[in-house]
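Good morning, and thank you for coming.

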Amino acid sequence: MGVAYHTLIPAVGIAAAGVFLIALIASGISSSVIGTMAGQVIMQGFVGYRIPVGIRRLITMVPAFVVALSCNTMKAMVFSQVVLSFVLPLPMAALVILSSRKSVMGKFVMRKGTVFASVLALVLVVLLNIVLITQYWPKA
């Protein structure tokens, strides 16, 4: 993070901190909005369950504010990225399975080449997670 800030100083000057802050906030908000919208579509479309907008916002935003205001934000950010890397294969697998079924996708079902590339990407993510675990697991 500090490297990005120092890289921006020659181009933007002392306003680099403000520009970097706005970019980080915009990035966080956009990823939260996309995640919330994707969750909403899944809950309403596949599961058939509706959550009121206010409660949905509380569920998605309150944990982020609690972490940001009560923890070491750098450690929390690194930890969140590690957790995301291990959780990523679950929705990837669901996406590959559901989008390759004609009964779910109809005429928009994935072609065999796309299914192969998707499974390959899924296996790659799982293998990279295994490498990460073996590299950082405490040696006995």
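**Overall architecture**

Of the contacts in the protein with a separation of 6 or more, 42% are between residues 24 or more positions apart, where a contact means heavy atoms within 4.5 Å. Please bear in mind that this is a predicted model, in which local features need pLDDT of at least 70, side-chain atom pairs count only at pLDDT 80 or more, and totals for chains, interfaces and linings use all residues. Residues are numbered from 1 along each chain as its sequence is written, and side-chain values use heavy atoms, with hydrogens and water left out.

The protein has seven helices and zero strands; helices (H or I, at least four residues) and strands (E, at least two) are DSSP runs, numbered from the N terminus. The radius of gyration is 20 Å, whereas a compact globule of 140 residues would have one near 14 Å. That radius is taken over C-alpha atoms, and the globule rule is 2.2 Å times the number of residues to the power 0.38. Along the principal axes, the C-alpha atoms fill a box of roughly 55 × 45 × 40 Å.

Buried residues make up 10% of the 140 residues. Here buried means under 20% relative accessible area, exposed over 50%, and partly exposed in between (1.4 Å probe, protein chains only). The protein exposes about 11,000 Å², and carbon and sulfur atoms supply 77% of that area. Accessible areas come from the Shrake-Rupley method with a 1.4 Å probe, and for residues only the protein chains shown count as cover.

Let us turn to α2. This helix has 32 residues and reaches 45 Å from its first C-alpha to its last, close to the 46 Å expected at 1.5 Å a residue; the expected span is 1.5 Å times one less than the number of residues. Its buried residues are A16, F20 and T36. Just after α2, G48 takes a positive phi of about 75°.

Which residues make the nonpolar surface patch of about 720 Å²? They are I42, F46, V47, Y49, V104, M105 and F108. The elements giving two or more residues to this patch are α2 (16-47) and α6 (102-105), and α2 gives the most, with three residues. Patches are made of residues with over 30% relative accessible area and no salt bridge, with like charges joined within 9 Å and nonpolar side chains (Val, Leu, Ile, Met, Phe, Trp, Tyr) within 5 Å. A salt bridge is a side-chain nitrogen of Lys or Arg within 4 Å of a carboxyl oxygen of Asp or Glu. I42, which lies in α2, is partly exposed, with a relative accessible area of 44%.

**Helix α7 and its buried residues**

Finally, α7 has 25 residues and reaches 36 Å from its first C-alpha to its last, close to the 36 Å expected. Which residues of α7 are buried? They are S118, L122, V125 and N129. An α-helix has 3.6 residues a turn, so residues three or four places apart point the same way. The buried residues of α7 pack against α4 (73-87) and α5 (89-99).

Two of these residues deserve a word. S118 has a relative accessible area of 17% and, leaving aside neighbours within four places in sequence, is in contact with V96 and M110. N129 has a relative accessible area of 9%; not counting residues up to four places away in sequence, N129 touches S85, F86 and P89.
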